[in-house]
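Have the model open beside you and follow along.

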Amino acid sequence: MAENKRDYYEVLGVSKSAGEDEIKKAYRTLAKKYHPDMNPGDKDAEVKFKEVNEAYAVLSDSDKRSKYDRFGHDAFDPSAGAGGFGGFGGFGGADFDFGDIFSSFFGGGSTSSRSRANMPVEGDDVATRVSVSFEEAAFGTKKEINFARIESCPDCNGSGGTDVEKCPDCNGTGRINVRQQTMLGYMQTQRPCAKCAGKGKIIKNPCKNCNGKGRIKINKKLEVNIPAGIDNHQNIILRGQGCAGINGGPSGDLIIEITVRPDRIFEREGNNIYCEVPISFSEAALGAEIDVPVLGGGSEKYKIPEGTQSGTNFTLKNKGIPNINSGRKGDLIITVAVETPKNLNSKQKELLEAFAESLGENNGAKKQSFFKKLFNK
């Protein structure tokens, strides 16, 4: 039996050197994730919840953990040579209520169990995605979005209907206790009541609009402000615009992921933008005032010095994208690409040859340095 069980450390997702606080934190997270209250009717979650509680019951106890580290699951297997629970003074035939372990972290106990069915529960978050252009992300814009969310039924005001009575099977708690024999001894857990689906009440005259659920799914339209400077895959969170809560619980949030479409000219890195600007051979050699494209359309004049090499970067301050929080703008960095003349006629070739001959050794320092290094290794 023990050989089919998962390692307790693996169950909680912690290392064997994990301390008490790390084990407790891992348990809190997993127990809340798989608790039957959060997963009504989910058998797989129920199995995992029991597994997580079993692992925590051992690893949270220094004595049991020590025995587990030495003998593994055999330390608690009555058929194993190590003697099982009895031989090590472990759980023995004790009756464990893992619901009590859970409630010690998240509040509960018998009083909580009675009121759990009517406790306020926060609504689910809703996620959607909006696509914007490069310039819309830079300058900000407004977008109308469509999304689906759960809202309280307007016909019954979320009550689910009329003629409501307490569930006789669970006495209004929404939970039933289940006691079963396991290798850990008797274990008591709670499950959602099947008769009332964990609600604690039965509606004899259910609302026709929501079929007694008290909530309905609707399609919603909303105009959203996209702030200037937002970047690709950043989120906008609108509090309370998600699904409605249950039993008076708060609504969830609307999470909007922004996707920014690539631009034909600019690329972004942080709040800086980059672009490549082609210049002629003569502009690079003699220097020139060139046109540089800027965000929002149009261009600005920028003077480059004579002798500019291809691949040289120039920075235009405060011509980039504003910071989404401070509004401070980044820079525009241009990289010049010198275009070498092509398809020259004979006259142009003669002129270039004469030009090259006239330079002599006054230019081409990089070329000369390269070959010196090459042949003087």
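Which side-chain oxygen reaches to within 3.2 Å of the backbone nitrogen of Lys-347 at the start of α10? It belongs to Asn-345. Keep in mind that this is a predicted model.

## Helix α10 from end to end

Helix α10 covers residues 346-359, which makes 14 residues. From its first C-alpha to its last, α10 reaches 20 Å, close to the 20 Å expected at 1.5 Å a residue.

Now look at what follows the helix.

## How α2 meets α3

Two packed helices are described by the angle between their axes and the distance between the axes. For helix α2 (residues 20-34) and helix α3 (residues 43-59), the angle is about 160° and the axes are 9 Å apart. Because of that angle, α2 is roughly antiparallel to α3. The crossing of α2 past α3 is left-handed.

On the α2 side, the contact is made by Ile-23, Lys-24, Tyr-27, Leu-30, Ala-31 and Tyr-34. From α3 come Ala-45, Lys-48, Phe-49, Val-52, Asn-53, Tyr-56 and Leu-59. By class, the residues of this contact of α2 with α3 are 10 nonpolar, 1 polar and 2 charged. An α-helix has 3.6 residues a turn, so residues three or four places apart point the same way.

## How α3 meets α4

What angle do the axes of α3 and helix α4 make where they cross? The angle is roughly 100°, and the axes of α3 and α4 (residues 62-71) come within 6 Å. The angle therefore makes α3 roughly perpendicular to α4.

Ala-57, Val-58 and Leu-59 of α3 make this contact with Lys-64, Arg-65 and Tyr-68 of α4. Sorted by class, the contact of α3 with α4 holds 4 nonpolar, no polar and 2 charged residues. Leu-59 of α3 is also listed in the contact with α2.

Note on methods:
Residues are numbered from 1 along each chain as its sequence is written. This is a predicted model: local features need pLDDT of at least 70, side-chain atom pairs count only at pLDDT 80 or more; totals for chains, interfaces and linings use all residues. Side-chain values use heavy atoms; hydrogens and water are left out. Helices (H or I, at least four residues) and strands (E, at least two) are DSSP runs, numbered from the N terminus. The expected span of a helix is 1.5 Å times one less than its number of residues. A polar contact is a pair of N or O atoms within 3.5 Å; within protein, one must be able to donate a hydrogen and the other to accept it, and residues adjacent in sequence count only if both atoms are side-chain atoms. Axes are lines fitted to C-alpha atoms, for helices over the stretch in contact, and angles run from 0 to 180 degrees between N-to-C directions. Angles under 35 degrees count as roughly parallel, over 145 as roughly antiparallel, 65 to 115 as roughly perpendicular and the rest as oblique. A crossing is left-handed if the near helix is turned anticlockwise from the far one by less than a right angle, and right-handed if clockwise. Contact means heavy atoms within 4.5 Å. Ala, Val, Leu, Ile, Met, Phe, Trp, Tyr, Cys and Pro count as nonpolar, Asp, Glu, Lys and Arg as charged, and the others, Gly among them, as polar.
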